[in-house]
Amino acid sequence: MERLLIVSGRYVVENPYRELRLKTLFEERGIEVVVALPSRHLNAQGYTDNMRLDPVFIETGTKWLDSELDFKKYLKQCDGVLFGSWRSYRPLTSIAHLAGKPVVNFNSTSGLDFWPHNVDYACVKSPFMKRLTLDLQKTLPDYGNLHEDQIIVTGSIIHEFYKNRNETGTKNMSREEFCRTYKIDPSRPIVVLLPKGLGSFKKKIPNWFPEWDKKKCDAFNQWFIDKYASICYSVREARCNLIVKMHPSTYASYLSRADEEYTYWQRFPWVRVLAPEHTYHCYEYSDCGVGVNTHSALDFGYFGKPFIYVDSDQIEPPNTYQIPVKRKI
């Protein structure tokens, strides 16, 4: 292979250049790389229009994908495709296969989201994700058809940086500056609450519990809302600073509206909502994370910070899927 097309999975504000790290690694091995960014026309969590003029992307010759026609144009110039895993990329995979090009995808996010979308090989973040992908293929219709040897454990690039962390587009910030920016007391511990996206969570409940009526779905959703409020009050009583890191789908207004969720958190005057560009400062300066059923505990563990789950055992989980615990791969 002489030339590879890398298609970003989704726009992550706090680390938008992570695929450029892959570009560097492939080019060090003699493979020319074209990086392409999906717009919101092609991907619901794609890149915003202002990123077209981003100087780092311009300097590295990064391309813009507005449509399948754009994808076909760059596909013709390449020998294979490497996709960031995203649910809407199956049609692009089919286009690549029809053109006779090999297709691989990889994980560029945190959490447990991963979609095989008919690739030839999938690169997943952990042995657990390999087990989960294989079992989901048996459980969910049309999820994927990969064999065990087609799933490779490589890790995720979510916390990989192009050149260095300064390339995220934010300047270095000391703990004192961070506290001053968010108007919090630097003498107190910093606790970070990681809620689900309030809007997206509510929309998903009827899908998780199709046998429930609206009243029961609303009660389930309200339990989480009340629990988040209780956490806010408890952290204040413990004389700690509290920062809310909203769900990535909220910042992107995907299945949710950022302005509405900002408004919700403003009812707690002592709470500060994290700006996504300060995510890595938050990981560095926080003392612990807290949540109810978020997968973001993985990120806190990655950065060596403790995480507290609050009353997770009190909620009723969806009964749609259970992964076998004895199977080893």
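Strand E8 and strand E11 (residues 288-291) run parallel and are joined by 3 bridges. Within this pair, Val191 has Cys288 of E11 as its bridge partner. The model is a predicted one.

E8 and E11 belong to an open sheet of 5 strands, ordered E10-E9-E8-E11-E12, with parallel pairing. E10 and strand E12 (307-309) are the edge strands, and each pairs on one side only. On average, neighbouring strands here are turned by 30 degrees against each other, direction ignored.

Helix H6 lies across E8, E9 and E10. Which residues of H6 (residues 175-182) are buried? They are Phe178, Cys179 and Tyr182. These residues share one side of H6, because the arc they cover around the axis is only 95 degrees. The buried residues pack against strand E8 (190-193), strand E9 (241-244), strand E10 (271-273) and helix H11 (279-285). After H6 comes Lys183, with a positive phi near 55 degrees.

The other sheet is also described as open. It has 7 strands in the order E3-E2-E1-E4-E5-E6-E7, and the pairing is parallel. E3 and strand E7 (151-153) each have a single partner strand, so one side of each is left without a neighbour in the sheet. Neighbouring strands of this sheet are turned by 25 degrees against each other on average, direction ignored.

At the E7 end, strand E6 (residues 121-124) runs parallel to E7, and 3 bridges join them. Ala122 stands opposite Ile151 in E7.

Helix H3 (residues 68-75) has Asp70, Phe71, Tyr74 and Leu75 as its buried residues. Why do they lie on the same side of H3? They cover an arc of only 135 degrees around the axis, which puts them there. Their cover includes strand E1 (3-7), strand E3 (63-65), strand E4 (80-84) and helix H4 (90-98).

Helix H1 (residues 18-28) lies across this sheet's strands E1, E2, E4 and E5.

| Helix | Lies across | Angle to a strand |
|---|---|---|
| H1 (residues 18-28) | E1, strand E2 (32-38), E4, strand E5 (103-106) | about 165 degrees to E2 |
| H3 | E1, E3, E4 | about 140 degrees to E3 |
| H6 | E8, E9, E10 | about 60 degrees to E8 |

Conventions: Residues are numbered from 1 along each chain as its sequence is written. This is a predicted model: local features need pLDDT of at least 70, side-chain atom pairs count only at pLDDT 80 or more; totals for chains, interfaces and linings use all residues. Side-chain values use heavy atoms; hydrogens and water are left out. Buried means under 20% relative accessible area, exposed over 50%, partly exposed in between (1.4 Å probe, protein chains only). Helices (H or I, at least four residues) and strands (E, at least two) are DSSP runs, numbered from the N terminus. The arc is that of the directions from the helix axis to the C-beta atoms. Contact means heavy atoms within 4.5 Å. Two strands pair if DSSP finds at least two bridges between them. Axes are lines fitted to C-alpha atoms, for helices over the stretch in contact, and angles run from 0 to 180 degrees between N-to-C directions.
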